[in-house]
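Please read them with the structure open.

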Amino acid sequence: MTELAKLALSDGTVFTGRRFGAEGEHFGEVVFNTSMTGYQEILTDPSYNGQIVTMTYPMIGNYGVNRDDVERDRLALKGFVVKELCREPSSYRMTMTLDDYLRENGVIGIEGVDTRALVRRIRSDGAMTGVLSTIDLDDQSLIQKAQQSPHLVGQDLVKEVMPGANTEWNDGLHEISQSEFTPQASTETCDKSYHVVAVDYGMKWNIPRHLKEMGCRVTIVPGNATAEEILALEPDGVFLSNGPGDPRPLLYAVEAIRGLLGKKPVFGICLGQQLLGMALGGEIYKLKFGHRGANQPVLNKETGRVEITSQNHGFALDINTMPEGTEITHINLNDQTIEGIRHRDLKAFGVQYHPEASAGPHDSAYLFGEFRKMMAN
Ligand SMILES: NC(=O)CC[C@H](N)C(=O)O
């Protein structure tokens with residue numbers, strides 16, 4: 001059994017490292033995440049379907065993995081790249097090492113990569129396709145595969161991660177997040193048990209946990225549910241989830257959202273916001289290398305406050321295409337891109353970042369409360 005692994009990029013760069021996790025070969029869009037912790041939440045976030053994720057923090061795996069910090073029961077990402085894997089993790093919550101976790105879940109890991117050099121390539125040339133392999137270690141062959149692999153743009157990656165049927169969601173937030181840092185949403189109890197239908201394009205579970213914690217009844221429906229199917233459930237509000245890939249091919253979702261606008265309050269997060277923006281008439285473009293991390297500064301234009309946010313996206317709404325009636329409520333302070341929109345008359349709003357955190361700061365958890373207020377009025 002070989003211990004080596006290689007990551008080849010479509011620009012011809014090859015990184016050699018040591019294998020951990022599963023063996024095999026996968027292609028994906030190579031992206032980077034700047035979070036210092038939260039690797040288990042990142043690994044289980046379905047929005048990484050189709051991507052090979054590089055962690056910029058130099059040591060990963062030091063607290064192992066546990067049963068609770070999961071955003072889904074399946075790993076959708078295509079590979080995991082780290083500078084140094086911690087082989088002697090320690091945490092009272094730990095049930096397994098990261099190495100074993102990736103092996104059990106069939107995800108290839110590579111360690112010993114100069115992640116700073118890799119990130120500089122992605123930052124200067126933009127996100128690109130790569131191939132991660134433990135079975136083919138021939139540079140030229142891997143580069144060729146990276147160049148011939150399909151690009152993530154234009155593909156519907158939601159259909160691979162969305163659920164097949166409706167389900168009820170019953171879990172609140174984990175006890176560990178109920179400390180002195182308790183998210184504001186959980187302190188806002190509903191005066192009545194609002195029924196939220198959550199459209200699942202690959203939803204992170206901390207979102208329905210927040211809604212449940214607030215006292216809502218939560219029904220999860222597949223990402224391809226029609227407006228009629230959603231309205232038949234008689235929701236008080238509709239939530240549009242995060243999800244993987246390019247939003248532009250997801251015309252079935254845009255059509256469903258158009259059928260809901262003006263009839264029910266709508267709240268979207270990340271992909272959900274992008275689809276909401278498209279339904280309102282806005283256009284999407286691909287960012288050069290995206291925002292992925294747990295400390296992205298966002299200006300709330302209404303309050304003037306800066307929220308430190310958790311993010312994971314490679315596409316964005318084009319600020320110049322947002323139609324009349326749609327306000328830009330939040331702006332990214334690093335690159336001035338759209339981070340939040342609202343249409344008052346249609347009772348719809350969305351954010352590009354992740355108020356559910358997991359992992360990340362809880363500055364924006366108030367947005368779940370905003371959704372509750374919208375359902376109340
Ligand atoms: N986390 C998400 O919902 C990501 C949205 C979309 N797939 C993007 O990359 O921009």
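How far apart do the C-alpha centres of domain 1 and domain 2 lie?

1. The model is a predicted one. The C-alpha centres of its two domains are 27 Å apart. Domain 1 covers residues 4–148, and domain 2 covers residues 167–376.

2. On the contact between the domains: 22 residues on the domain 1 side meet 23 residues of domain 2. Two elements, β3 (25–33) and α3 (115–125), each supply two or more residues to the side of domain 1 that touches domain 2. Of these, β3 gives the most, with three residues. The make-up of that side by class is seven nonpolar, nine polar and six charged residues.

3. On the ligand: the residues that surround it are S47, N242, G243, P244, G245, C270, L271, N312, H313, G314 and F315. Strand β16 (residues 306–317) gives the most to this shell, with four residues. By class, the shell has four nonpolar and seven polar residues, and no charged ones.

4. On helix α10 (residues 366–376): which of its residues are buried? They are L367, F368, F371, R372 and M375. Viewed down the axis of α10, the buried residues lie within an arc of 155°, so they line one face of the helix. In an α-helix there are 3.6 residues a turn, so residues three or four places apart point the same way.

Technical notes:
Residues are numbered from 1 along each chain as its sequence is written. This is a predicted model: local features need pLDDT of at least 70, side-chain atom pairs count only at pLDDT 80 or more; totals for chains, interfaces and linings use all residues. Domain bounds come from an automatic or database domain assignment. Two residues are in contact if their C-beta atoms, placed from the backbone, lie within 7 Å. Ala, Val, Leu, Ile, Met, Phe, Trp, Tyr, Cys and Pro count as nonpolar, Asp, Glu, Lys and Arg as charged, and the others, Gly among them, as polar. A residue is near a molecule or strand if its C-beta atom, placed from the backbone, lies within 6 Å of it. A residue is buried if 20 or more other C-beta atoms lie within 10 Å of its own, exposed if 12 or fewer, and partly exposed in between; C-beta atoms are placed from the backbone. The arc is that of the directions from the helix axis to the C-beta atoms.
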